[in-house]
Every structure is written in structure tokens, then in C-alpha cells.
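Please walk me through this structure, stop by stop. I have the viewer open and want to know what to select next and what to look for there.

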Number of protein chains: 2
Amino acid sequence: MRIRTEISSDYISEEDKRIAVIANALAHPLRVALVRYLSTKNCGEGVDNVTCNKDLVKMFDYAQSTVSQHVKILKESGLFITENKDKFTFYTLNRALLEEVKDYF
Amino acid sequence: MRIRTEISSDYISEEDKRIAVIANALAHPLRVALVRYLSTKNCGEGVDNVTCNKDLVKMFDYAQSTVSQHVKILKESGLFITENKDKFTFYTLNRALLEEVKDYF
DNA sequence: GTTTTATATCGTATATAGACGATATACGTT
DNA sequence: AACGTATATCGTCTATATACGATATAAAAC
């Protein structure tokens with residue numbers, strides 16, 4: 001996403017920009033797949049779906065640094081929530097945000 | 001959207017790629033605003049919301065060529081449908097596709 | 001038929017995205 | 001303490017995105 005710094009039009013709202021950031025997070029097939037993987041991963045009763053970088057690298061055929069970079073974009077958009085425990089970083093989906101985006105459509 | 005040509009992972013589906021293309025179309029504030037503008041434009045009874053390039057250039061503070069370029073991306077994603085009449089090109093929203101994306105979430 | 005009007009495309013400059021290997025960091029394990 | 005493991009960041013190369021002016025195209029309007 002490469003954007004003119006001084007967007008002057010009054011007709012581009014803050015929400016437009018916010019939606020664009022989230023859409024941009026989904027604007028790459030790998031990132032869509034990461035979200036989907038996380039959303040379908042069954043972690044049992046009441047346990048929110050969780051994964052870690054290592055899992056993702058194993059699952060998808062990209063370098064670890066590349067996966068990490070894509071995850072970063074998902075984190076920055078708010079779609080991924082991270083939590084450190086032991087030596088792992090766990091990712092969960094921000095389902096509330098997904099709902100919000102759904103409402104936008 | 002810059003993507004490795006030979007995506008080998010079996011875990012990235014065709015639908016993931018399709019969603020990514022549509023998300024990418026919404027991955028810029030101007031394009032989000034264009035979609036929103038079109039979706040809210042009241043054109044009266046039974047008339048699907050419609051606009052033309054000239055309208056958009058007047059509304060949004062970008063060069064005509066820039067607007068045209070962004071519209072092209074929306075067209076290619078399928079979100080905008082174009083129709084030529086007289087000397088105008090009319091744009092309408094592909095509401096069916098929007099619904100489909102909504103279902104994805 | 002020339003001029004205006006509407007839109008698309010070309011050319012181009014610059015910024016950002018995407019990919020990876022290498023390196024840093026940080027925590028467990030031995 | 002040294003080593004292994006998990007993840008993030010850096011450096012870098014290349015491709016694409018973004019923005020605009022200039023130019024093409026095509027249809028009205030005069």
C-alpha cells in the first residue's frame with residue numbers, strides 16, 4: 001500500500017483508511033491462507049484457535065523470515081493477536097475485527 | 001500485490017488467491033472510498049447506483065489518470081462493472097460479489 | 001470538420017512490497 | 001556456560017504500486 005501522504009479529499013474518511021489497512025492485510029494469498037488456517041484449526045472445546053510461527057513455516061512453503069514478515073502485517077492490521085508463552089509466540093485471530101469487517105460489506 | 005510466481009504450497013487455495021485479489025482492490029483508501037461512494041449514491045427508484053469517471057474526479061482530489069487507474073483495478077477485481085453509453089463510461093457496483101466476500105468472513 | 005468533453009493509456013519517477021539468507025534476540029535445555 | 005530452538009529483524013535485490021502529466025481515442029457539440 002503506497003499512499004499519498006497528504007490526502008486532501010474530504011471524501012476519504014478515516015474508516016476508509018482503516019478498511020484499506022485491513023483489506024491490505026488480506027491482499028496476499030499467503031496471508032489469506034494464514035487467516036483461514038488459523039480460523040479452521042481445531043483446538044478443542046472453548047480453546048481459541050492458536051498457532052505459532054514454526055507451525056506456519058512447516059505448513060506453508062515459505063522461508064521463516066517471509067512468514068514472519070507476513071504475520072507482522074497481519075498483526076499490524078489487528079487481525080492477528082500475539083502472545084508470548086515459553087519460547088513460542090502464539091497467534092490467535094481477532095474474530096471481533098473480522099466481524100466488524102463483515103459488517104462493513 | 002507482488003507474489004511469487006510458483007506458489008507451491010498446497011495450502012494456498014484458488015479461493016485464497018481470489019479473495020486476495022478482491023481484498024487487494026480494497027487495499028487503498030481511495031478505492032474503498034470509491035466503492036463506498038458508489039454504494040451510497042442515490043439514483044432513484046430501481047436505478048442501480050451509477051457514476052462516471054468525471055464525477056469521481058470532481059469528488060476526489062486526484063488527477064483524472066489516477067482515478068482511472070484505480071477504477072481499472074476495481075474493474076479487474078470484478079467489484080466495478082462498466083458500461084459505455086453516449087460519451088460516458090458508467091460504473092456500477094457488483095453487489096453480488098460484495099455479498100460473496102461478505103460470506104467469506 | 002473542427003473543437004470540446006470524457007475516458008483510457010503511456011511514460012516515468014519514486015516508494016513500497018515481497019522474497020530470502022544472514023543475523024540478532026530470547027528463552028529452554030543439557 | 002554452551003547449545004539448541006523459536007521468532008523477529010536486517011540487508012538486499014527485484015518487481016509492483018502509486019501518482020501525475022502528456023498523449024491517445026472516441027464521441028458529442030458547435
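Here is a short tour of this predicted model.

**Stop 1: the two copies**

The same surface serves both copies, since 100% of the contact residues of chain B recur in chain A.

**Stop 2: where the chains touch**

Now show the contact between the chains. Chain A gives 29 residues and chain B gives 29 residues. On the side of chain B that touches chain A, helix H1 (14-25), H2 and helix H5 (95-104) of chain B each supply at least two residues. By class, that side of chain B has 20 nonpolar, four polar and five charged residues.

**Stop 3: a helix crossing**

Select helix H1 (residues 14-25) of chain A and helix H2 (residues 29-40) of chain B. Two packed helices are described by the angle between their axes and the distance between the axes. Here the axes come within 8 Å and cross at roughly 115°. The crossing of H1(A) and H2(B) is right-handed.

Next, show the side chains at this crossing. From H1(A), pick A:Asp16, A:Lys17, A:Ile19 and A:Ala20. They meet B:Pro29, B:Val32, B:Ala33 and B:Arg36 in H2(B). This contact of H1(A) with H2(B) has five nonpolar, no polar and three charged residues.

**Stop 4: the sheet of chain A**

Move on to the strands of chain A. Three of them form an open sheet in the order E1-E3-E2, with antiparallel pairing. Which strands stand at the edges? They are E1 (51-52) and E2 (80-85) of chain A. Each has a single partner strand, so one side of each is left without a neighbour in the sheet.

Look at one pairing, then the other. E1(A) pairs with strand E3 (residues 88-93) of chain A over two bridges, in the antiparallel sense. Find A:Cys52 and look across to A:Phe90 in E3(A), which stands opposite. E2(A) and E3(A) are also antiparallel, and they pair over six bridges. Select A:Thr82 there: its bridge partner in E3(A) is A:Tyr91.

Two residues lie between the strands, and A:Asp86 takes a positive phi near 55°.

**Stop 5: DNA strand C**

Show DNA strand C and the 29 residues around it. Which come nearest? They are A:Ser65, B:Arg2, B:Cys52, B:Lys54 and B:Ser65. By class, the surface near DNA strand C has 10 nonpolar, 11 polar and eight charged residues.

**Stop 6: DNA strand D**

Finish with DNA strand D, which has 28 residues around it. Those that come nearest are A:Cys52, A:Asn53, A:Lys54, A:Ser65 and B:Ser65. Helix H3 (53-59), H4 and E3 of chain A, together with H4 of chain B, each supply at least two residues of the surface near DNA strand D. H4(A) gives the most, with six residues. The surface near DNA strand D divides into nine nonpolar, 11 polar and eight charged residues.

Definitions and conventions
Residues are numbered from 1 along each chain as its sequence is written. Chains are lettered from A and ligands numbered from 1 in the order in which they are written. This is a predicted model: local features need pLDDT of at least 70, side-chain atom pairs count only at pLDDT 80 or more; totals for chains, interfaces and linings use all residues. Axes are lines fitted to C-alpha atoms, for helices over the stretch in contact, and angles run from 0 to 180 degrees between N-to-C directions. Helices (H or I, at least four residues) and strands (E, at least two) are DSSP runs, numbered from the N terminus. A crossing is left-handed if the near helix is turned anticlockwise from the far one by less than a right angle, and right-handed if clockwise. Two residues are in contact if their C-beta atoms, placed from the backbone, lie within 7 Å. Ala, Val, Leu, Ile, Met, Phe, Trp, Tyr, Cys and Pro count as nonpolar, Asp, Glu, Lys and Arg as charged, and the others, Gly among them, as polar. Two strands pair if DSSP finds at least two bridges between them. A residue is near a molecule or strand if its C-beta atom, placed from the backbone, lies within 6 Å of it.
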